[in-house]
Amino acid sequence: MSEREFAVWAPRPDRVQLDVDGTLHAMERGADDWWRATVSAGPDSCYGFVLDDDDTVLPDPRSPRQPDGVHARSQLWTPTAPPQDWTGRSIEGATIYELHVGTFTPSGTFDAAIEKLQHLVDLGVDFVELMPVNAFSGTHGWGYDGVLWYAVHEPYGGPDALLRLVDACHALGLGVLIDAVFNHLGPSGNYLPRFGPYLSSGSNPWGESVNIGDAGADEVRRYIIDCALRWMRDFGADGLRLDAVHALVDTTAIHILEELSTETDALAAELGRPLSLIAESDMNDPRLITPREKGGLGLTAQWDDDIHHAIHTAVSGERQGYYGDFGTLETLAHTLTHGYFHAGTYSSFRGRRHGRPLDTATIPATRLLAYTLTHDQVGNRATGDRPSQNLTAGQLSVKAALVLGSPYTAMLFMGEEWGSSSPFQFFTSHPEPELGRATAEGRKAEFAAHGWDADEIPDPQDPETFTRSKLDWAEVTEGGHARLLQVYRQLIALRHNEPDFADPWLDHLRVDYDEDARWIVLHRGTSAVACNLGDSAVTVPVTGEVVLAWDDPWADGAGTVVPGHSFAVLRTQVR
């Protein structure tokens with residue numbers, strides 16, 4: 001036992017008491033509305049705060065650990081220093097692997113994920129991106145309904161196991177990114193409004209907005225930034241994926257993302273290794289990834305759904321919803337060479353102009369992430385079906401070639417590399433029956449409004465929905481799955497080993513296509529990625545040495561014949 005200072009920002013209550021291992025202690029309020037008390041506590045003591053006359057012990061908003069869930073007392077936890085021999089790596093031009101800890105392995109823990117890291121090394125990816133691992137209510141879920149952002153979800157193994165996973169990744173040369181959600185709080189276990197004005201009067205599709213611009217916002221902004229820095233400083237993460245930053249409505253002169261990028265760069269200098277911030281945004285606003293000295297917010301990169309939409313619709317033929325403006329090879333070629341499709345142009349899905357042009361001469365393509373699917377693009381489908389459940393293996397290989405053969409930073413979603421047959425469905429485990437029912441009924445109603453049979457929509461609260469979404473690792477060595485995996489490995493190796501594929505500038509990318517013949521070619525220096533999106537063989541007007549292909553192409557007098565639903569990477573000139 002030793003003397004320890006406890007502190008909590010709580011401007012709303014008139015009295016705050018500290019509970020340490022069941023004993024109450026008075027706290028003193030400072031002029032800054034922080035309450036403090038110094039008491040004797042053990043290294044793993046459990047504690048919480050009692051507000052006013054309500055005798056409920058509430059967890060610490062900055063809780064370091066929640067061993068008994070988000071409704072229980074917090075527990076003291078001191079991080080061990082991360083190993084100092086990891087010098088980090090940049091995400092620009094890298095290949096990132098997004099995974100959900102709970103469904104990545106049968107047991108769904110950090111330690112179980114460690115056992116699969118060699119697969120990722122053999123695949124050739126550079127970074128692991130973990131879907132949210134902050135503390136949320138229930139045993140399993142996507143993690144985007146977190147309520148104690150500083151704590152690690154205990155069913156995954158808690159903070160010590162997360163440290164083990166990060167250390168294991170670094171030992172194998174893999175960087176680690178963590179998905180952080182700062183735009184809303186979950187519906188179960190959110191006690192923050194009882195302490196102070198953490199929420200604003202606004203709202204977004206997921207609930208009440210976080211207060212980053214109203215009265216009291218300074219401390220809330222500090223709460224967010226300190227949490228972000230904690231993942232990188234205390235857990236050794238190499239960066240964050242910032243969820244739905246378009247929902248961070250900031251009316252102040254210095255946007256919170258600019259503030260965060262400034263402090264992240266300072267921490268990177270202190271630690272002596274690169275740290276990255278990747279935004280998820282549907283705004284198509286290049287200011288996110290424009291350097292601060294040029295008037296931007298200074299983030300490292302952002303997800304680019306336009307690239308996904310352009311590739312997916314061209315290959316699959318789907319056109320519903322937000323896919324409506326995509327689908328042609330002209331659209332695909334334009335998006336691949338300009339970064340955004342909607343750049344001050346009319347969006348039929350939104351019913352207005354959308355986006356802003358990207359200056360391709362000053363912003364490299366590596367600041368945009370390209371992908372064939374993400375957790376959103378699978379899990380937010382009515383039944384959570386993957387492209388692999390609807391497309392041929394050849395079509396999957398074409399999508400992979402377009403992403404991995406492009407100059408963008410690439411991202412895969414777990415299991416994509418072998419065409420996993422497991423869906424990734426929306427699942428929850430809310431302990432409150434009424435919240436569980438509301439979630440399930442809301443999900444069914446949402447898709448029923450778009451023409452789906454409500455009976456076909458999986459119940460998020462059904463444990464089988466979660467179980468169905470786990471990867472089946474036995475598939476990795478099976479026939480067609482193993483063949484697709486080998487092609488993914490070879491495509492990623494090209495990104496690492498071929499100088500043509502390291503060029504980050506869109507101004508150097510040339511794309512040819514034939515809308516009727518259904519072929520498209522990405523010219524990367526002396527290399528060409530020729531893709532046939534049709535089901536019959538076509539002659540592509542490119543010749544050269546075949547470096548890699550899905551089905552065997554052959555030369556004829558007019559160029560190279562590429563079989564249906566296939567691609568070929570050609571070396572068109574001798575170096």
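Into which domains is the protein chain divided? The protein chain of this predicted model is split into domain 1 (2–58) and domain 2 (509–572). The legends below start with the whole chain and then turn to single regions.

**Figure 1. The whole protein chain, with 14 helices and 29 strands.**

Into which domains is the protein chain divided? The protein chain of this predicted model is split into domain 1 (2–58) and domain 2 (509–572). The legends below start with the whole chain and then turn to single regions.

**Figure 1. The whole protein chain, with 14 helices and 29 strands.** Taken along the principal axes, the C-alpha atoms fill a box of roughly 90 × 55 × 45 Å. The radius of gyration is 25 Å, and this agrees with a compact globule because such a globule of 575 residues would have a value near 25 Å. Of the 575 residues, 60% count as buried. The chain exposes about 21700 Å², and carbon and sulfur atoms supply 49% of that area. Among contacts with a separation of 6 or more, 69% come from residues 24 or more positions apart.

**Figure 2. The two domains, domain 1 (2–58) and domain 2 (509–572).** Their C-alpha centres lie 67 Å apart.

**Figure 3. The largest nonpolar core, with 146 residues.** Leu-130 and Leu-162 have the most contacts inside this core. Helix α6 (residues 217–233) gives the most to it, with nine residues. Domain 1 (2–58) and domain 2 (509–572) both contribute residues, so the core lies between them. In soluble globular proteins, nonpolar side chains tend to be buried together.

**Figure 4. Surroundings of Leu-162, one of the two residues with the most contacts inside the core.** Leaving aside residues up to four places away in sequence, Leu-162 touches Phe-110, Leu-130, Val-133, Val-152, Ile-178, Trp-231 and Phe-235. Leu-130, one of these neighbours, is the other residue named for the most contacts inside the core.

**Figure 5. Strand β6 (residues 46–51) and its partners β2 and β7.** Is β6 mostly covered or mostly uncovered? Strand β6 is mostly covered, with five of its six residues buried. Strand β2 (residues 16–20) pairs with β6 in the antiparallel sense over five bridges. In this pairing, Gly-48 in β6 is the bridge partner of Asp-19. Strand β7 (residues 74–75) also runs antiparallel to β6, and two bridges join them. Here Cys-46 stands opposite Gln-75 in β7.

**Figure 6. An open sheet of three strands, in the order β1-β5-β4.** The pairing in this sheet is antiparallel. Strands β1 (2–9) and β4 (28–29) are the edge strands, and each pairs on one side only. Two bridges join β4 to β5 (residues 34–41). Arg-29 stands opposite Trp-35 in β5. Strands of a sheet pair through backbone hydrogen bonds, either parallel or antiparallel.

**Figure 7. The loop that holds Thr-543, between β25 (538–540) and β26 (545–549).** What does Thr-543 touch, not counting residues up to four places away in sequence? Thr-543 touches Gly-559, Thr-560 and Thr-572. The C-alpha atom of Thr-543 is separated by 39 Å from that of Glu-280, a residue 263 residues apart from it along the chain.

How values were computed:
Residues are numbered from 1 along each chain as its sequence is written. This is a predicted model: local features need pLDDT of at least 70, side-chain atom pairs count only at pLDDT 80 or more; totals for chains, interfaces and linings use all residues. Side-chain values use heavy atoms; hydrogens and water are left out. Buried means under 20% relative accessible area, exposed over 50%, partly exposed in between (1.4 Å probe, protein chains only). Helices (H or I, at least four residues) and strands (E, at least two) are DSSP runs, numbered from the N terminus. Two strands pair if DSSP finds at least two bridges between them. A nonpolar core is a set of buried Ala, Val, Leu, Ile, Met, Phe, Trp, Tyr and Cys residues joined through side-chain atoms within 4.5 Å. Domain bounds come from an automatic or database domain assignment. Contact means heavy atoms within 4.5 Å. The radius of gyration is taken over C-alpha atoms; the globule rule is 2.2 Å times the number of residues to the power 0.38. Accessible areas come from the Shrake-Rupley method with a 1.4 Å probe; for residues, only the protein chains shown count as cover.
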